[in-house]
Amino acid sequence: MHVCVIVVGFRNPNDITACLAALSKSRYRDFDVVVCENGGREAYDALVALLPPKLPSGQVVRVICAPSNLGYGGGVNLGMKAEPGADAWWILNPDAEPAPTALTLMLQRLQSGDCDAVGGTIIYPSGVVQTQGGHWRGWMARAISLGHGLSRHQAAQNEDRVESRLNYLSGASMLVTRRFLDLAGPMREDYFLYCEEVEWCLRGRQRGARLGFSPQAEVLHHQGTTTGNPSNVREQTRMPVFLNERNRLLLTRDLYPGLLVVAGGMAFLLIMMRFARRGAWRQVGFALQGWWAGLRDERGVPRWVAA
C-alpha cells in the first residue's frame, strides 16, 4: 500500500526538518512526502533550500507553495491533491515525530478491514500521553481527549476503551484511506485552524466511515510550536482561544444544528469556568469574541489575522 505523508507548515522549517528525520527511520518504506508551505514564497524558497529531494531511504520529498495561508484544512487538501494516486494519506503535524513503527502499526490496523481511518497515541516530550483520539459531546460543543495524562504503559493497554468511545482522530497523526475521502469529502477550509479534523471525522462517520485505533503507534508531539498554545491559560494568545471557541460552534452549526442553542449556552458557561475562575480576563475576552463569531456564522481567516 503506497502512502503519501502530508505535512502542512507555516514558517517552521526546524519542525519540518525534525519531522522528516523521524520519518526517515520508518520501518515501512512505501511512502513519499508532500510538504505544503502556507507561509508565503520566501518561506517556501527557504524550505526548498533546506530539505532534501529524497529521504536517506529513498522516499521523495516534494514541497509545494500554497497561494496564500490556506490554514490547516486548506493545506491538507492541497497536499492530497498533489498526490491523488496514493492508497492512503498520513496527515502529520510538522511538530510531530513518529516512532519508526508508527506507520507499520497503523497500516496493520487499517488492513484488518473494519476501519477507514486510523489514529494512534500522541505523546508529549515528557512521555505523558496527550491524546489517543477523542469523543465529541455535541450538546456541550466540547471535545473529550481520550487517554490524556496516561503513561505509555497504560496507553498501550487502552485499545478497547478508546475504540468504544472514539468518534474523531487527532489531527497530529491520522491515516485516512480513499474510501474515507470518498465518504467524507475534503476537509473544511473555512475553519482556518482548529476543529477541522474533528468535523472531518464526525462528518465521515455520519456518512458511514469507520475509525480505528492503534495504541502502540506512537507519535511525539511538540504541541503549539506554530500557533502557540501554552498550558497556562493566562498566557494563551488570541488566535487559538478565539478559533477554538468559534469553530466549536461552527462545527455544531454544520453537523448538529438542532443543538446550537443548547451548545451555545453551554459554551458560554464553559468559557467562564475555564478562564474567568482563573482570573484570565484577557482570555475571557478572546473566547467571547470567538463564541460570538461562531454564533454569527463568521468563517475563514479572522479579519485581525495578518495574511
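**Note on strands and helix packing in the predicted model**

1. Strand β1 (residues 3-9) has seven of its seven residues buried, so the rest of the structure largely encloses it; buried here means under 20% relative accessible area, with exposed over 50% and partly exposed in between, for a 1.4 Å probe and protein chains only. Helices (H or I, at least four residues) and strands (E, at least two) are DSSP runs, numbered from the N terminus. This is a predicted model, in which local features need pLDDT of at least 70 and side-chain atom pairs count only at pLDDT 80 or more, while totals for chains, interfaces and linings use all residues. Residues are numbered from 1 along each chain as its sequence is written, and side-chain values use heavy atoms, with hydrogens and water left out.

2. In a regular strand the side chains alternate between the two faces of the sheet. In β1 both faces are covered, with Val3, Val5, Val7 and Gly9 buried on one side and Cys4, Ile6 and Val8 buried on the other. Strand β1 runs parallel to strand β2 (residues 31-37), to which seven bridges join it, and isoleucine 6 has valine 34 as its bridge partner in β2; two strands pair if DSSP finds at least two bridges between them.

3. Strand β6 (residues 117-123) is likewise mostly covered, seven of its seven residues being buried. Its parallel pairing is with strand β11 (residues 211-221), over six bridges, where isoleucine 122 is partnered by valine 219. Strand β10 (residues 173-177) runs antiparallel to β6 and is joined to it by three bridges, with alanine 117 standing opposite valine 176.

4. Strand β7 (residues 129-131) is also antiparallel to β6, with two bridges joining them, and isoleucine 123 has valine 129 of β7 as its bridge partner. Five residues lie between the strands of this β6 and β7 hairpin, in which glycine 127 takes a positive phi near 95 degrees.

5. Helix α8 (residues 196-206) is largely enclosed by the rest of the structure, because nine of its 11 residues are buried. The buried residues in α8 include the charged-type names Glu196, Glu197, Glu199 and Arg203 as well as Trp200 and Leu202. Just after α8, glycine 208 takes a positive phi of about 105 degrees.

6. The axes of helix α9 (residues 238-255) and helix α11 (residues 281-295) come within 7 Å and cross at roughly 30 degrees, the axes being lines fitted to C-alpha atoms, for helices over the stretch in contact, and angles running from 0 to 180 degrees between N-to-C directions. That makes α9 roughly parallel to α11, since angles under 35 degrees count as roughly parallel, over 145 as roughly antiparallel, 65 to 115 as roughly perpendicular and the rest as oblique. Residues of α9 that meet α11 include Phe242, Leu249 and Arg253, and those of α11 include Phe286 and Trp291; contact means heavy atoms within 4.5 Å.

7. Threonine 252, found in helix α9, is buried, with a relative accessible area of 0%. Apart from neighbours within four places in sequence, threonine 252 is in contact with Trp136, Ala141, Pro257, Leu259, Leu260 and Ala263.

8. Helix α10 (residues 260-274) and α11 have axes that come within 10 Å and cross at roughly 170 degrees, and the two are therefore roughly antiparallel to each other. Gly264, Ala267, Phe268, Ile271 and Met272 in α10 meet Val284, Ala287, Leu288 and Trp291 in α11.
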